[in-house]
Amino acid sequence: MACAWVVIGVLSSAHNAVHAEPPWVADEIFLQMAELRKEIKQLQDKVSGLERQLGARPSQLVPIPLAGSDNMALGKRKASIAIVEFSDYECPYCAKHYREVLPKLRGRYIDKGLVRYVMMDFPLGFHAHAEKASLSARCAGGQGQYWAMHDAIFGAHGQMTDALADTVVGQKKMDAATFKCCLEDPKQREAIRRDMVLGASIGINGTPAFLIGTVKGNRLTDYKLLSGVQPFEAFASIIDRLNH
């Protein structure tokens with residue numbers, strides 16, 4: 001939209017100038033407009049060329065390691081298909097997926113052992129509580145309660161607080177001292193950073209993002225990337241095709 005308004009502004013200025021300035025000024029303006037149109041056309045041609053080059057390149061998918069993800073996964077560990085979600089707890093679209101799509105995926109595929117669902121962290125820098133939320137969920141996962149904390153955080157609209165963490169720790173009878181120590185462990189932040197580096201390396205720059213593919217040797221391969229919140233049907237069509 002910004003580029004469109006720039007062009008409109010130039011044309012509008014030129015139109016006004018035609019009526020306000022001597023004829024030679026109008027000729028100069030129209031000459032500049034013609035040059036501008038040529039430059040725009042050249043830029044469009046360059047963009048089209050780059051798009052053709054990118055489309056012609058063979059896709060090289062980086063296998064996604066799933067080892068060590070059991071604390072942050074749902075479904076049968078040996079399922080032949082997996083979905084990997086890159087998520088941010090403060091992202092409203094991640095919350096929409098959690099509320100509206102994940103329950104359907106669980107009902108049709110995950111809880112039946114057909115698909116394994118693995119979470120990866122991708123807290124965005126402009127969300128003040130996102131990294132703390134990821135840390136809390138990971139540390140709860142160290143005591144077998146990842147999904148309890150995950151669900152509680154989304155239930156609180158991503159607003160991670162000490163009070164919320166204390167409530168979940170108490171309800172699930174976790175060891176509070178161990179949980180607090182885990183939050184301060186640099187290894188947890190490093191694990192989050194690795195998730196983000198991995199996501200960025202395959203073109204993810206926002207949340208939610210999903211990889212859906214087959215599992216070979218505890219690695220996700222031959223996957224398709226879905227960016228942004230997606231309807232259940234988008235997942236189902238890919239999963240059903242992989243199943244056949």
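Predicted model: local features only at pLDDT ≥ 70, side-chain atom pairs only at ≥ 80, totals over all residues.
## Terms and model

Buried here means under 20% relative accessible area and exposed means over 50%, with partly exposed in between (1.4 Å probe, protein chains only).

Residues are numbered from 1 along each chain as its sequence is written, and side-chain values use heavy atoms, with hydrogens and water left out.

## The sheet

Let's start with the strands. Helices (H or I, at least four residues) and strands (E, at least two) are DSSP runs, numbered from the N terminus; two strands pair if DSSP finds at least two bridges between them. Six strands form an open sheet in the order E1-E6-E5-E3-E4-E2, with mixed pairing. At the edges are strand E1 (64–65) and strand E2 (73–74), each pairing on one side only. E1 is joined to strand E6 (residues 219–227) by two bridges in the antiparallel sense, and Ile64 has Leu220 as its bridge partner in E6.

Two helices lie over this sheet. Helix H4 (residues 102–110) lies across E2, E3 and E4 and runs at about 145° to E4. Helix H9 (residues 186–201) lies across E1, E3 and E4, at about 105° to E4. These angles run from 0 to 180 degrees between N-to-C directions, with axes as lines fitted to C-alpha atoms, for helices over the stretch in contact.

## Strand E3

Strand E3 (residues 81–87) is largely enclosed by the rest of the structure, because seven of its seven residues are buried. Ile81, Ile83, Glu85 and Ser87 point one way, Ala82, Val84 and Phe86 the other way, and all are buried.

What flanks E3? Seven bridges join E3 to strand E4 (residues 115–121), and the two run parallel; here Glu85 stands opposite Met119. Six bridges join E3 to strand E5 (residues 209–216), which runs antiparallel to E3, with Ile83 opposite Ile212.

## Nonpolar cores

A nonpolar core is a set of buried Ala, Val, Leu, Ile, Met, Phe, Trp, Tyr and Cys residues joined through side-chain atoms within 4.5 Å. The largest has 42 residues, of which Ile83, Leu105, Tyr117, Met149, Ile153, Phe235 and Ile239 touch the most other members. Helix H10 (residues 232–243) supplies the largest share of this core, six residues. A second, separate core of 17 residues includes Val84, Phe86, Val118 and Ala209.

Counting contacts as heavy atoms within 4.5 Å, Tyr117 touches residues including Ile83, Glu85, Leu105, Trp147 and Phe210, not counting residues up to four places away in sequence.

## Cysteines

A disulfide is a pair of cysteine sulfur atoms within 2.5 Å, and a search of the whole structure finds one. This disulfide joins Cys139 to Cys182, with S to S 2.1 Å, and the link is left-handed, with -85° about the S-S bond. The pair links distant parts of the chain, 43 residues apart: Cys139 is in helix H5 (residues 130–141) and Cys182 in helix H8 (residues 176–183). Cys139 is buried at 3% relative accessible area, and Cys182 is buried at 15%.

Cys94 is in no disulfide, and its nearest cysteine sulfur, that of Cys91, is 3.2 Å away. Cys181 is in no disulfide either; its nearest cysteine sulfur, that of Cys182, is 7.6 Å away. Is Cys181 buried or exposed? At 53% relative accessibility, Cys181 counts as exposed.
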